[in-house]
Amino acid sequence: MIVGVQGTPNFNNYNIFLRAMAVALSELKDNEKEFYLYSVGPANVNDMAMEFVNLSERGMKSRGKSIKLFRVTPQWLEENIDSFDHFAFVANSKERVSNLVSLSKSKNINTNVYNF
């Protein structure tokens with residue numbers, strides 16, 4: 001499963017980030033062995049993604065699955081969006097979403113926006 005995540009520079013709620021990742025993980029099928037997380041940033045979201053992957057690695061491995069993090073640019077994700085299964089965008093209340101949200105929705109990718 002290939003998941004993209006992006007957020008806003010002011011977002012700092014790790015619990016909301018975990019909720020977004022839990023929703024993405026719930027879509028992981030039993031026959032899928034990889035969970036690849038592509039983080040678009042900014043740095044605060046990249047840090048949350050790295051912590052999530054590091055903490056989840058042992059549990060995933062015990063279930064016969066692997067988890068990996070890749071940091072990419074918005075342009076890279078935009079060019080490769082067709083290969084994604086899920087896209088999550090995290091933001092504080094009333095913050096604007098990125099163009100990647102509408103692009104992933106237009107490609108019928110499961111897209112969730114978390115803004116609390």
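Let me start with helix H4. The buried residues of H4 are covered by, among others, strand S1 (2-7), strand S2 (34-41), helix H3 (74-80), strand S4 (86-91) and strand S5 (110-115). Buried here means under 20% relative accessible area, exposed means over 50%, and partly exposed is in between, with a 1.4 Å probe and protein chains only. Helices (H or I, at least four residues) and strands (E, at least two) are DSSP runs numbered from the N terminus.

Before going on, the ground rules. This is a predicted model, in which local features need pLDDT of at least 70 and side-chain atom pairs count only at pLDDT 80 or more, while totals for chains, interfaces and linings use all residues. Residues are numbered from 1 along each chain as its sequence is written, and side-chain values use heavy atoms, with hydrogens and water left out.

Back to H4. Which residues of H4 are buried? In this helix, residues 99-106, they are Leu100, Val101 and Ser104. They sit on the same side of H4 because they cover an arc of only 105° around the axis, the arc being that of the directions from the helix axis to the C-beta atoms. Asn99 and Ser106, on the other side of H4, are exposed.

Now the ends of H4. After H4 comes asparagine 108, with a positive phi near 60°.

One more residue in H4 is leucine 103. Its relative accessibility is 21%, so leucine 103 counts as partly exposed. Setting aside neighbours within four places in sequence, leucine 103 is in contact (heavy atoms within 4.5 Å) with Glu78 and Ile81. From methionine 50, leucine 103 is 53 residues away in sequence and 25 Å away in space, C-alpha to C-alpha.

Next, the whole chain. The protein chain has four helices and five strands, and along the sequence they follow the pattern β-α-β-α-β-α-β-α-β. The radius of gyration is 13 Å, close to the 13 Å that the globule rule gives for 116 residues, so the chain is as compact as a globular protein of that length. That radius is taken over C-alpha atoms, and the rule is 2.2 Å times the number of residues to the power 0.38. Of the 116 residues, 43% are buried. Among contacts between residues at least 6 apart in sequence, 73% join residues at least 24 apart.

On to the interior. A nonpolar core is a set of buried Ala, Val, Leu, Ile, Met, Phe, Trp, Tyr and Cys residues joined through side-chain atoms within 4.5 Å. The largest such core has 22 residues, and Val5, Phe17, Met21, Phe35, Leu37 and Phe52 have the most contacts inside it. At least two residues each come from S1, helix H1 (14-26), S2, helix H2 (43-62) and S4. H2 gives the largest share, six residues. Apart from this core lies another, of twelve residues, including Val40, Ala91, Val101 and Ile109.

Last, the aromatics. Rings of Phe, Tyr and Trp (its six-membered ring) pair if their centres lie within 6.5 Å; planes under 30 degrees apart count as stacked, over 60 as edge-to-face and the rest as tilted. By this rule there are seven aromatic pairs. Tyrosine 38 and tryptophan 76 are stacked, because their ring centres are 5.2 Å apart and their planes at 10°. Tyrosine 38 is in strand S2 and tryptophan 76 in helix H3, so this pair ties together parts 38 residues apart in sequence. Tyrosine 38 also pairs with phenylalanine 84, edge-to-face, at 5.3 Å centre to centre and 70° between the planes. Phenylalanine 84 lies in the loop between H3 and S4 and tyrosine 38 in strand S2, so this second pair ties together parts 46 residues apart in sequence.

Are tyrosine 38 and phenylalanine 84 buried or exposed? Both are buried. Tryptophan 76, at 32% relative accessibility, counts as partly exposed. Tyr36, Tyr38, Phe70, Trp76 and Phe84 form one aromatic cluster.
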